[in-house]
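Subject: Model for your review

Dear colleague,

I am passing on a structure for you to look at. My notes on what was found follow below it.

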Amino acid sequence: MEILSEIFKSSVGEPQLDPRIGALFEENQGALQRRLKYARRISHVCRTFRRVAVGESSLWNWIWPQMAFSALQAALERGQAAGLHIRAEYHSRFFPRTSTFEADCLRLFATAAKYSPKWRTVFVEVTSPPLLWLLNEIG
């Protein structure tokens, strides 16, 4: 089972952090969504793959606000042993004015709060002035 676990980790990959700021390198931004998608696919192949994949916490330990709530809860439970990496980025040029980002962030941090001892990194970047209230709500 350990070999299978290593194969899964290798196939899913690990997003690389920029050591200067502790954030994902720009080219890895889409890696989080792909990572979760691949982990889910692996876990649906058969019972053995599911048991190994669900038990490998490093497949599930990257969390972000736009995750579906069920995926967020599963990732928090499954990923906590590896230390959780929580990312909340809002760039006004990428999200429309009607975005639900604020609500997603509040939901993320409210749900993740009980796992705070397991947080490894938390990265929040907001480049839209109207959303700075979010930092006050979280803090």
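A residue counts as buried when its relative accessible area is under 20%, and as exposed when that value is over 50%, with partly exposed in between. Phe 109, at 9% relative accessibility, is therefore buried. Please keep in mind that this is a predicted model.

Aromatic pairs

The count comes to two aromatic pairs. One of them joins Phe 8 and Phe 49: the ring centres are 5.1 Å apart and the planes stand at 65°, so this pair is edge-to-face. Phe 8 belongs to helix H1 (residues 2–12) and Phe 49 to helix H3 (residues 47–55), so the contact ties together parts that are 41 residues apart in sequence. The two partners fall into separate accessibility classes: Phe 8 counts as buried at 4% relative accessibility, while Phe 49, at 26%, counts as partly exposed.

Phe 109 and Trp 119 also pair, with ring centres 6.0 Å apart and planes at 70°, so they too are edge-to-face. Here the link runs between helix H5 (residues 101–112), which holds Phe 109, and strand S5 (residues 119–126), which holds Trp 119; the two residues are 10 apart, and the pair links distant parts of the chain. Phe 109 is the buried residue mentioned above, at 9%, whereas Trp 119 has a relative accessible area of 26% and is partly exposed.

Charged groups

Which ring has the charged end of Arg 78 over it? That ring belongs to Trp 60, and the charged end of Arg 78 lies 4.6 Å from its centre.

Searching the whole structure gives one salt bridge. Its partners are Glu 6 and Lys 9, whose closest N and O atoms are 2.9 Å apart. Both residues lie in helix H1, three residues apart, which is about one turn of the helix. Glu 6 is partly exposed, with a relative accessible area of 46%, and Lys 9 is partly exposed as well, at 28%.

Helix H4

Helix H4 covers residues 69–79, and its buried residues are Ala 71, Leu 72, Ala 75, Leu 76 and Gly 79. Around the helix axis they take up an arc of only 130°, so they sit on the same side of H4.

Regards

Note on methods:
Residues numbered from 1 in each chain as written. Predicted model: local features only at pLDDT ≥ 70, side-chain atom pairs only at ≥ 80, totals over all residues. Heavy atoms only, no water. Buried < 20%, exposed > 50% of the residue type's maximum accessible area, 1.4 Å probe, protein only. Helix = DSSP H or I, 4+ residues; strand = E, 2+ residues; numbered from the N terminus. Arc of directions from axis to C-beta. Phe/Tyr/Trp six-rings, centres within 6.5 Å; stacked < 30°, edge-to-face > 60°. Lys NZ or Arg CZ within 6 Å of the ring centre and 35° of its normal. Salt bridge = Lys/Arg side-chain N within 4 Å of Asp/Glu carboxyl O.
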